[in-house]
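Please examine the sequence and the model below. The paragraphs that follow proceed from the core to a sheet and then to the ligand.

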Amino acid sequence: MADLLERLRSPAYLPTTEEVQAVCKSYSSVEESYGDGKTYLYNSVTTDDFSILFPEWNAYEILTKEFIASFAGYIASQIAKRDMKEPCTILELGAGTGRLAHFLKRELEERVPDRFSYHATDNGSEEIPDQFGMVEPLDYVEALEKHKPHIVLVSWMPYEIDWSKAIRRTPTVDEYILIGEAGGCVGHEWATWGYETRLPSSRKRRRAPWLRDCFVLKTLREVSNLQINHRAESRGRVVDRIRSRTFSFRRMRKNGAG
Ligand SMILES: C[S@@+](CC[C@H](N)C(=O)[O-])C[C@H]1O[C@@H](n2cnc3c(N)ncnc32)[C@H](O)[C@@H]1O
């Protein structure tokens, strides 16, 4: 077990879900319904187990082989649908350690070789170490201007800050995918997600900014079902849950293509 834990702590090692379960005794998986009327798996470990896995750096997601395979499968399917001759430009903003970029790019190279380029960027403001030497130091606005992406990925957009408006205003962008807690501790409640939980219903606006900008939101259920969240417990009782999921926002084109 000590060997397995040591392996899991290495940034270059991508564990299976089963290996995470073996190390985190608090792992639990339950089905729950969500705002869209569908049921989702809520997989979680306690905050203590989460920090046992990552004592050296502040991870936001527990990446697993299954999650990366499913996420890459979705992105590869989007790339395969494109009838453009040029490779699809994928841009990750706020990439932090570059771990997601490293594993996702590797998996995409297997699935859709030569059909994409992947740029991981971060302005370094949180001083998260670049673990694979692949994160380009760029502010999100500069990154969008420089790379002119077709697909944008953001895992855990900073709290109460919105990058989605700038992403939508980038004309090359067909789709952006956000990983994190919708309306919770990721991005801006209204500007990113269109939620207004703090306003009385009489003062609520109608159309979320992404909808006004002609984007369609879809929760990627299969990918989300593989995420492992953390829950806080006190004296054996759950006192808080993070609900991170994976959300796609796709531009509706005038010809009807979503
Ligand atoms: C909450 S962390 C998420 C890191 C990583 N995506 C993950 O999921 O582990 C937010 C990241 O955004 C970066 N960041 C903050 N402001 C930024 C900006 N204006 N432009 C680009 N990156 C920024 C921080 O340096 C940090 O790495």
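A nonpolar core is a set of buried Ala, Val, Leu, Ile, Met, Phe, Trp, Tyr and Cys residues joined through C-beta atoms within 7 Å. In this predicted model, the largest such core has 51 residues. Within this core, Ile68, Leu104 and Val152 have the most contacts. At least two core residues come from each of several helices, namely helix 4 (65-81), helix 5 (99-111) and helix 6 (140-147). The strands that each supply at least two residues are strand 3 (88-93), strand 4 (116-122), strand 6 (151-155), strand 7 (175-180) and strand 11 (245-251). Apart from its neighbours within four places in sequence, Leu104 is in contact with Ile68, Phe71 and Ala72. In soluble globular proteins, nonpolar side chains tend to be buried together.

An open sheet is formed by 4 strands in the order 1-2-9-10, with mixed pairing. Its edges are strand 1 (28-33) and strand 10 (237-241), each of which pairs on one side only. From one strand to the next, the twist averages 45°. Strand 1 runs antiparallel to strand 2 (residues 39-46), and 6 bridges join the two. Ser33 stands opposite Thr39 in strand 2. In general, strands of a sheet pair through backbone hydrogen bonds, either parallel or antiparallel.

The ligand remains to be described. Around the ligand are 17 residues, of which Gly94, Gly96, Asn123, Glu126 and Ser155 come nearest. By residue type, the shell around the ligand divides into 7 nonpolar, 6 polar and 4 charged residues.

How values were computed: Residues are numbered from 1 along each chain as its sequence is written. This is a predicted model: local features need pLDDT of at least 70, side-chain atom pairs count only at pLDDT 80 or more; totals for chains, interfaces and linings use all residues. A residue is near a molecule or strand if its C-beta atom, placed from the backbone, lies within 6 Å of it. Ala, Val, Leu, Ile, Met, Phe, Trp, Tyr, Cys and Pro count as nonpolar, Asp, Glu, Lys and Arg as charged, and the others, Gly among them, as polar. A residue is buried if 20 or more other C-beta atoms lie within 10 Å of its own, exposed if 12 or fewer, and partly exposed in between; C-beta atoms are placed from the backbone. Two residues are in contact if their C-beta atoms, placed from the backbone, lie within 7 Å. Two strands pair if DSSP finds at least two bridges between them. Axes are lines fitted to C-alpha atoms, for helices over the stretch in contact, and angles run from 0 to 180 degrees between N-to-C directions.
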